[in-house]
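Please look through the model shown below with the following notes beside you. They are written for someone meeting such a structure in a first course, and each point takes up one topic.

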Amino acid sequence: MNRNAQLRKIVEEVGEDLIWRPVHDFEKTRLTDGVGHDIDGIDPAFTTLSFKGKTVCDLGCNLGHFSFHAHEHGAAKVVGYDMEPKVIEGARKLAELHSISGVEFRVCDFAEEPADETFDMGMLIDILGKINISKGFLKSILKGLESRSRSEMLLTFRPLYHVEKHFGMSNSDFIRLYPEAVIENDHFDLLGYVQQLFSRRWNLIYLSREIKPEHQYKRTVFFERRP
Ligand SMILES: C[S@@+](CC[C@H](N)C(=O)[O-])C[C@H]1O[C@@H](n2cnc3c(N)ncnc32)[C@H](O)[C@@H]1O
């Protein structure tokens, strides 16, 4: 089987509904759009980050888009974690097909399972969203990130959510779920929540250009552990 056919097989085996970003074959033909492609808002500032010589974990890695990005940009070691076995199998096959060593993929629910390893940098790209937040997973996801990150944490997320519209619940139900949450004008300040949770041990550094949060769909946020 040629390499493009192998790629098509990987996409078929994983299933398009589980693939988050577009996948292209070696001739740049798009094999699948990825279910999240229309809401991608990674800030260009992300690409200026240094991965050189660092060990990196990519939590909720899906097919490893950012795991491979960190590897290409000089990371010494990368481990991608995802709870979907089919996705991890696909990511491993992609690495093999592209002859990439130095990137490993592990099946793991990082919000539930204790850290098996720690890394210089932890990445949480596009994981905090309507579903995870309304199910009450926000804090355990952020703790899962922190417990695996020794020096740096990189996150992308939408900074403000309309509680009723996005989570389908009243403000008071939301506060019962997240007693520390701040709601103003019916909006949950996720950026403030994340910042507050990490404030004792981490310095917040924005990577996104300074645009009013309500005018920006998603922000890239970087934390450094305090000395
Ligand atoms: C929205 S996609 C983002 C994928 C990737 N970070 C990217 O930006 O291309 C979310 C991925 O995270 C995984 N995921 C969500 N919660 C998880 C958890 N608690 N543990 C492990 N994987 C998780 C899902 O299976 C899915 O593959």
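1. Helix 8 (residues 190-198) lies across strand 8 and strand 10, and its direction makes an angle of about 30° with strand 10. Helices (H or I, at least four residues) and strands (E, at least two) are DSSP runs, numbered from the N terminus. Axes are lines fitted to C-alpha atoms, for helices over the stretch in contact, and angles run from 0 to 180 degrees between N-to-C directions; two residues are in contact if their C-beta atoms, placed from the backbone, lie within 7 Å.

2. Before going further, please note that this is a predicted model, in which local features need pLDDT of at least 70 and side-chain atom pairs count only at pLDDT 80 or more, while totals for chains, interfaces and linings use all residues. Residues are numbered from 1 along each chain as its sequence is written.

3. An open sheet of 3 strands has the order 8-10-9 with antiparallel pairing, where two strands pair if DSSP finds at least two bridges between them. Its edge strands are strand 8 (160-162) and strand 9 (183-184), each of which pairs on one side only. Strand 9 is joined to strand 10 (residues 187-189) over 2 bridges in the antiparallel sense, and Ile-183 stands opposite Phe-188 of strand 10.

4. Elsewhere, strand 3 (residues 55-59) pairs with strand 4 in the parallel sense over 5 bridges, and Leu-59 has Tyr-81 in strand 4 as its bridge partner. Strand 3 is mostly covered, since 4 of its 5 residues are buried (20 or more other C-beta atoms within 10 Å of a residue's own, with C-beta atoms placed from the backbone).

5. The protein chain is divided into domain 1 (1-36) and domain 2 (41-225), with bounds that come from an automatic or database domain assignment. The contact between them takes 13 residues from domain 1 and 11 residues from domain 2, and helix 1 (residues 3-14) gives the most to the domain 1 side, with 6 residues.

6. Which residues come nearest to the ligand? Of the 20 residues around the ligand, they are Gly-60, Asn-62, Met-83, Ala-111 and Ile-125, where a residue is near a molecule if its C-beta atom, placed from the backbone, lies within 6 Å of it. Helix 2 (65-72) and strand 4 (77-82) are the elements that give two or more residues to this shell, and the shell draws at least three residues from each of domain 1 and domain 2.

Technical notes:
A residue is buried if 20 or more other C-beta atoms lie within 10 Å of its own, exposed if 12 or fewer, and partly exposed in between; C-beta atoms are placed from the backbone.
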